[in-house]
Amino acid sequence: MGSGKSTVLSYLEEKYGARVIRLDDVSRALLLPGGACVEDTVRIFGQEIVREDGTLDRAKIAAVIFQDEEKRKALDALIHPAVKAETIRLQKEAEEEGVRYLVIEAALLLEEKYNAICSEVWYIYADIATRYSRLESSRGYSKERIAGMMASQLSEETFRSSCDFTIDNSGSEQETHAAVDCRMAELAAV
């Protein structure tokens, strides 16, 4: 969170033609009208989360899950397997299309065991001060909110030990691009 994953993903898309699967986007699509998880989500939270236009009120859902642990667990049990199944489908589709670089961006990549379907896992790192600064300026988060969110994430040591490659994105964009270029050159040489 706040490490600059989007910067790296955009660079991989632009320079290397990578296809990126953002699991937040997959999750959102499953909750759009007609999406695979809509009916069960309404069963969990009730009809009051459905807006007049048929879309789900994500703010109402968020308010409930922050207060009701059982409903949060029920939603997680519904969404996480559906997101993984859709991701695997998209991965197979990309393979069939001959996509050279497919990147999966996930907040819970290790927790949900996405590393099992990836040939390589990268950790995009930025020091704490940089992450706070980015989240305060780009998202308007308070220091307290950032601290709470970071406390719920895996430790840096866990990420470093579980990943194949780490990019320090605390510096300039050019430094980050150089690190990506170096790794991509190594991968191309294999």
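Let us begin with a charged pair: the side chains of lysine 15 and aspartate 181 meet in a salt bridge, with 3.4 Å from N to O. Lysine 15 belongs to helix 1 (residues 5-16) and aspartate 181 to helix 9 (residues 173-189), so this pair ties together parts that are 166 residues apart in sequence. A salt bridge here is a side-chain nitrogen of Lys or Arg within 4 Å of a carboxyl oxygen of Asp or Glu. Helices are DSSP runs of H or I with at least four residues, strands are E runs with at least two, and both are numbered from the N terminus.

Before going on, please note that this is a predicted model, in which local features need pLDDT of at least 70 and side-chain atom pairs count only at pLDDT 80 or more, while totals for chains, interfaces and linings use all residues. Residues are numbered from 1 along each chain as its sequence is written, and side-chain values use heavy atoms, with hydrogens and water left out.

How open to the surroundings are the two partners? Lysine 15 is partly exposed at 47% relative accessibility, and aspartate 181 is also partly exposed, at 23%. For these words, buried means under 20% relative accessible area, exposed means over 50%, and partly exposed lies in between (1.4 Å probe, protein chains only).

Searching the whole structure turns up 15 salt bridges. Side chains of opposite charge can pair when their charged atoms come close. One of the pairs joins arginine 51 to aspartate 57, with 3.7 Å between the closest N and O atoms. Here arginine 51 is partly exposed, at 41% relative accessible area, whereas aspartate 57 is buried, at 13%.

Another pair sits within a single helix. Arginine 89 and glutamate 93 form a salt bridge of 3.0 Å, N to O. Both lie in helix 5 (residues 69-97), four residues apart, which is about one turn of the helix. Arginine 89 is partly exposed at 41%, and glutamate 93 is partly exposed at 29%. Elsewhere, salt bridges with shared partners join Glu39, Asp40 and Arg43 into one network.

Now let us turn to serine 3, in the segment before helix 1. Is this residue buried or exposed? With a relative accessible area of 4%, serine 3 is buried. A polar atom of its side chain lies 3.1 Å from the backbone oxygen of isoleucine 124. A polar contact is a pair of N or O atoms within 3.5 Å; within protein, one must be able to donate a hydrogen and the other to accept it, and residues adjacent in sequence count only if both atoms are side-chain atoms. Leaving aside residues up to four places away in sequence, serine 3 touches Ile124, Tyr125, Ala126, Arg131, Arg134 and Asn169, where contact means heavy atoms within 4.5 Å.

Arg131 leads us to helix 6, where the buried residues are Thr130, Arg131 and Leu135. Seen down the helix axis, these buried residues fall within an arc of 125°, so they line one face of helix 6. The arc is taken from the directions from the helix axis to the C-beta atoms. The buried residues of helix 6 pack against helix 7 (143-151), while the face turned away from the buried side carries the exposed residues Ala129 and Ser137.

Finally, look at the two ends. At the start of helix 6, a side-chain oxygen of aspartate 127 reaches to within 3.2 Å of the backbone nitrogen of alanine 129. Just after helix 6, glycine 140 takes a positive phi of about 70°.
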